Amino acid sequence: MSAQNRPSHEILIAELAGDLAPVTPLPSPARRASIWLAAVIFIGLCGAAFADLHAVTVRLAAAPDMWIAMAGSALTAVLAVFAAFQLSLPDRSRLWAVLPLPAAMMWIAASGVGCLRGWSIPGTHAVTTGDERDCLLIIVGLSIPLSALLIVMLRRAFVLEPALTALIAGLAAAAAAATLLNLFHPFDATASDLAVHGVAVLVVIIAIRLLGARALGSDQKFRATV
Amino acid sequence: MQQPVDTDKRDARLGAQMASAQAGDRNAYAALLRDCIPLIRGVASRRAPPDRIDDIVQETLITIHRARQTYDPHRSFTAWLTVIADRRALDVMRRTLREGHREVHAPLIYENHPDERVNPVIAEDRDDAAFQVGRAVAALPAGQREAVQYLVLQEQSLAAAAQQTGRSEGALKVNLHRALKALRAKFERKPLQP
């Protein structure tokens, strides 16, 4: 009897073939990322209904660092979610995790420039402790539904790298939330304000990395033999 | 060159079989899984010693089953399979190392340790058949020992045992088959003493 046709392999093959049910191949990573981004845009449109869009436009136009940071966070969200869906497939390279990094660097750098600006944006008020708390709550609060949806969508695949995939998913959710925060940010960026943003983003990324990795890796808690 | 063309043909054939399996064709699926075994063994042999190859083959087959919706028929099946097999090989080897650190194989210490529950006067006469079988079962690898314990000694159903052990029903069946084969071979070499 050849090694290939060991009885134990034949038993397992018969078991698996008997258990076979039709499955629909997953849509491409680009399409799945588009669905998630559509949810982000929907939340943004809902938020825009309550925001002072004129004030947002004035703020962004007055200081280039503001709209460059917003563009950076938006681009980070787009690239990170695409990378996460790539990583969720077994035959895709881990190098996809690097895709959102340049945009993230642009986001961080532009945000930091805001602290160095020697003048305040017209029409804004000085940030208070309550404002900073609200920023933290908005980023974390928006990240929860976005990351939950993303983890549910990722679980439909078969994630071989749950920790890395969850990390990039957390980055996507945090970046999307930070982008949407601009709708509710009627004050200029300060060092403490940006520090709070940074803390909120890190909290989201770490939380999703820990919780998401368990959720994405739970399907793999099985063992065939010793 | 002939070899790359044969490789491409094989990849195309396997990809077509997988597409049929995704549609629910059980015959194509069974043939595909059999055809995958040599490829999996090739990948596994680069990572693991020969005594672990069968474990890696089985875990990879189960992963193929659970991940079949992720295969894109427009992409290489062999590449998809290779990554899965390689990852499962790494997982098996990591688990082997962890269990090796936790468990101590010291048969002489085990044999020489006195059992305080046993009357020393009659201890020498306690080498009966049940005791011999119990020792043989205890000497089995952990997965096989679990299968005997839950399915035979505790008479649990496959579903209940799978839930308790975290192993698939197919894996439990395979482990039980191997355990019974090992015990049969052992007592054929050295029959039970009455």
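Helices (H or I, at least four residues) and strands (E, at least two) are taken here as DSSP runs, numbered from the N terminus. The structure is a predicted model, in which local features need pLDDT of at least 70 and side-chain atom pairs count only at pLDDT 80 or more, while totals for chains, interfaces and linings use all residues. Residues are numbered from 1 along each chain as its sequence is written, and side-chain values use heavy atoms, without hydrogens and water.

Chain A has eight helices and zero strands, so that its elements read α-α-α-α-α-α-α-α from the N terminus on. Of its 226 residues, 49% count as buried, where buried means under 20% relative accessible area, exposed over 50%, and partly exposed in between (1.4 Å probe, protein chains only). A contact means heavy atoms within 4.5 Å; among the contacts in chain A between residues at least 6 apart in sequence, 87% join residues at least 24 apart. Chain A exposes about 10,400 Å², and carbon and sulfur atoms supply 72% of that area. Accessible areas come from the Shrake-Rupley method with a 1.4 Å probe; for residues, only the protein chains shown count as cover.

On the surface, A:Trp67, A:Ile68, A:Leu75, A:Val78 and A:Met106 form a nonpolar patch with about 410 Å² of accessible area together. Patches are made of residues with over 30% relative accessible area and no salt bridge, with nonpolar side chains (Val, Leu, Ile, Met, Phe, Trp, Tyr) joined within 5 Å and like charges within 9 Å. A salt bridge is a side-chain nitrogen of Lys or Arg within 4 Å of a carboxyl oxygen of Asp or Glu. Helix H4 (residues 64-87) of chain A gives the largest share of the patch, four residues. A:Leu75 lies in helix H4 of chain A and is partly exposed, at a relative accessible area of 39%.

Over all chains, the whole structure holds four aromatic pairs. Rings of Phe, Tyr and Trp (its six-membered ring) pair if their centres lie within 6.5 Å; planes under 30 degrees apart count as stacked, over 60 as edge-to-face and the rest as tilted. A:Phe82 and A:Trp96 form an edge-to-face pair, 5.4 Å centre to centre with 85° between the planes. A:Phe82 is in helix H4 of chain A, and A:Trp96, 14 residues apart from it, is in the loop between H4 and helix H5 (101-116). A:Phe82 is partly exposed at 23%, and A:Trp96 is partly exposed at 29%. In chain B, the ring centres of B:Tyr71 and B:Phe77 are 5.4 Å apart and their planes stand at 80°, so this pair is edge-to-face.

Notes: Chains lettered and ligands numbered in written order.
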